[in-house]
Amino acid sequence: MNSPLLPEGATNQLIRMARMSMSAHAFSHSPPVIALDGCHLKSSDYTLLTATGIDANNEIYTIAIGIVYSECQETWNYFLKNLDVCLSLRENNDLVILSDREKGLAISVESVLPNSKHSFCLYHIGKNIKTKFKKNFNPELFKAAKAISLEAFNDAMDQIKEKDLKVYEYLIQITAEHWAEFCFGRCRFGNLTSNIAESMNSSLLVMRHLHPFEFIYQYVNQTYEKFQQKREEHTKHLDVFPQYFLNKISPLIEEARYLKVFTTDEQGTYRVGKDKSNSIFKIVNFEANSCSCLFISHNGFPCSHMIACILIRKGKLEDHVPNYFKTETLVNAYTTDFKFCDIESLKNTQLESMQKIHKRGRPKKKRIRTDAEKVFSCL
Ligand SMILES: [Zn+2]
């Protein structure tokens, strides 16, 4: 895969980009969500940047990794531009980025991936409130974030305002479109935090003492093995949906059996409620793939109201569920060939020929930085 970002002759980098494209196959068969995070490699002065996805079985997988001299807007720009080249992210109008919005990441996402929706991690916002104001506002924060109407959101925010004006003022400075469900405007598949990135970083703890080259070698090989295991495991599962999805959808199917469905004047649109006298109806619209309960737009699959309509219409549930929630797609996500990382080629990498990224500010006194201090590698 060629990249307009790379200088001519950067063969080793192109090889690594090719490795990254293999993980891109898993991404193209999974919900369009990417969690971004950075963590320090303990063995050196380098930082690891990770792009993590989540599959139909709610399991995390690696999309790409990068090793850079530090986490800042410049290195995130570099990482995201390369990610975009491999995954065509700018053309993906469903893309959601999850992050802790730290260290230049928010600006970088906005400039490199303007079509994406950037979701700020609620746990990190709550953690910042705890650090700044020494108070735990997580219950109130999550209530506001999960509100599905402007009215409900304002009610939740008013409660925060009554409790602590400074916390309220801090929160309104963070644009609600980045964290509040009612105005986020895109399906986050239930992810209000960047926990999937945190989980990925936790799984790497035991390797963080390794030299960067050794780290990449171990990491790629570990990922290769994981992909193989997942492929074998999911192939044995014979149901049309993976187990995690079955666990999510089963209670909704059960609930749907007790709902009453009424047709409306508009074709493909139904009113659904507990009984005929119940004034609280939800409106299901098959053409728009929506329900007024907003479950579908938040989670990406049918709610109990839509399932009740599907049952009445004698339809098939799988016809109304996106392919990336199905076992066949899940198996396919991990069927790509995956080459081992060649540590020798990494050792011989012409680091000097890579795109130069200058570090801003005064350099540390005891070390002289060279061009070789930026290493970027993707799976
Ligand atoms: Zn509904």
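**Note on the predicted model: helix crossing, sheet and confidence**

1. Helices α11 and α13 cross in a right-handed sense. In this predicted model, their axes come within 8 Å, at an angle of roughly 60°. Helix α11 covers residues 243-256, and α13 covers residues 304-312.

2. Which residues make the contact between α11 and α13? From α11 they are Leu-252, Ile-253, Glu-255 and Ala-256; from α13 they are Ser-304, Ile-307, Ala-308 and Leu-311. By class, six residues of this contact are nonpolar, one is polar and one is charged.

3. The model also has an open sheet of four strands, ordered β6-β7-β8-β9 and paired antiparallel. Its edges are β6 (260-263) and β9 (290-291), each of which pairs on one side only.

4. Val-284 stands opposite Cys-291 of β9.

5. On confidence, the protein chain has a mean pLDDT of 81, with 81% of its residues at 70 or more.

6. Two stretches should be noted separately. Over residues 1-21, pLDDT stays under 50, and the model has 40 contacts beyond four places in sequence for them. Over residues 339-379, pLDDT also stays under 50, with 77 such contacts in the model.

Conventions. Residues numbered from 1 in each chain as written. Predicted model: local features only at pLDDT ≥ 70, side-chain atom pairs only at ≥ 80, totals over all residues. pLDDT = per-residue confidence, 0-100. Helix = DSSP H or I, 4+ residues; strand = E, 2+ residues; numbered from the N terminus. Contact = placed C-beta atoms within 7 Å. Pairing = 2+ DSSP bridges. Axes fitted to C-alpha atoms, helices over the stretch in contact; angles between N-to-C directions. Left-handed = near helix turned anticlockwise from the far one by under 90°. Nonpolar A, V, L, I, M, F, W, Y, C, P; charged D, E, K, R; others polar.
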